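Dear colleague,

Here is the structure I said I would pass on. My notes on it follow below.

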Amino acid sequence: MLVQILFYLFGAFLVASALGVIVARNPVHSALALVLCFVTSAAIWLLLEAEFLAVVLVLVYVGAVMVLFLFVVMMLDIDLAELRSGFTRYAWLGWITAGVVIVEIVGVVTARNLGVDVTRGTVPLPEDYSNTAELGNVLYTRFAYPFELAAMLLLVAIIAAIALTMRRRPGLKVQDVAKQVAVRREERVRIVKMDPEKRP
């Protein structure tokens, strides 16, 4: 009974924070709401006795990926007024996508022939069970190629984020390492000889 109460509580927080991601006007607030999504998802993983996935979700996504998101969002200098001006032009596509997703979720929830008995809880696992070992066996055997593809996509995303933040902007001071190394001693210090001045 307590597990069900905690599940519905964390589920409500997860839905509310997910709505905050798409409703927030400030990109930083949206990223912070996504952090709350990840934390509540980790709590739900703990209820399902998947401790490794919960810890990885908090350490990797909240601790690393979301920090990268916040740095990118704060360094891009996004013009919010310009983004909002063209928002209504693609609103119909967003409503169609949202409708399709809602229909799919309702279909999955209301389906009875999925082979999963939702009236019973999870089966207790034996003491020597390791979800880390099971996840590793599946991830590096059956899903090895999708795993490598996801790693390549993340690498491309990191390179794109760096390229976006390193663009030339007016008034931006950049460091020219080659010019600094090629400088000579005579160019650094100039000795000027002046005649002494008498005090009045």
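Buried residues account for 12% of the 200 residues in the chain. Please keep in mind that this is a predicted model. The chain exposes about 17500 Å², of which carbon and sulfur atoms supply 69%.

As for secondary structure, there are nine helices and zero strands, so the order from the N terminus reads α-α-α-α-α-α-α-α-α. Taking the contacts between residues at least 6 apart in sequence, 61% join residues that are at least 24 apart.

The core

The largest nonpolar core has nine residues: Ala31, Val35, Phe38, Ala42, Ala54, Leu57, Val62, Met66 and Leu70. Helices α2 (27–47) and α3 (51–76) each supply at least two residues of this core. The most comes from α3, which gives five residues. In soluble globular proteins, nonpolar side chains tend to be buried together.

One of the core residues is Ala54. Setting aside neighbours within four places in sequence, Ala54 is in contact with Ala42, Trp45 and Leu46.

Thr40

Thr40 also lies in helix α2. Is Thr40 buried or exposed? Thr40 counts as buried, because its relative accessibility is 6% and the cut-off for buried is under 20%. The side chain of Thr40 reaches the backbone oxygen of Leu36 at 2.9 Å. Not counting residues up to four places away in sequence, Thr40 touches Phe10, Phe13, Leu14 and Ser17.

The surface

A nonpolar patch on the surface is formed by Tyr90, Trp92, Leu93, Ile96 and Val100. Together these residues have about 540 Å² of accessible area. Trp92, one of the patch residues, is found in helix α5 (residues 91–110). Trp92 is classed as exposed because its relative accessible area is 53%, and exposed requires over 50%.

Pro124 sits in the loop between α5 and α6 (131–142). With a relative accessibility of 68%, Pro124 counts as exposed too. Along the chain, Pro124 and Leu48 are 76 residues apart, and their C-alpha atoms are separated by 9.9 Å.

To look through the model, I would take the core with α2 and α3, then Thr40 and its contact with the backbone oxygen of Leu36, then the patch that includes Trp92, and then Pro124 in its loop.

Regards

How values were computed:
Residues are numbered from 1 along each chain as its sequence is written. This is a predicted model: local features need pLDDT of at least 70, side-chain atom pairs count only at pLDDT 80 or more; totals for chains, interfaces and linings use all residues. Side-chain values use heavy atoms; hydrogens and water are left out. Helices (H or I, at least four residues) and strands (E, at least two) are DSSP runs, numbered from the N terminus. Buried means under 20% relative accessible area, exposed over 50%, partly exposed in between (1.4 Å probe, protein chains only). Contact means heavy atoms within 4.5 Å. Accessible areas come from the Shrake-Rupley method with a 1.4 Å probe; for residues, only the protein chains shown count as cover. Patches are made of residues with over 30% relative accessible area and no salt bridge: like charges are joined within 9 Å, nonpolar side chains (Val, Leu, Ile, Met, Phe, Trp, Tyr) within 5 Å. A salt bridge is a side-chain nitrogen of Lys or Arg within 4 Å of a carboxyl oxygen of Asp or Glu. A nonpolar core is a set of buried Ala, Val, Leu, Ile, Met, Phe, Trp, Tyr and Cys residues joined through side-chain atoms within 4.5 Å. A polar contact is a pair of N or O atoms within 3.5 Å; within protein, one must be able to donate a hydrogen and the other to accept it, and residues adjacent in sequence count only if both atoms are side-chain atoms.
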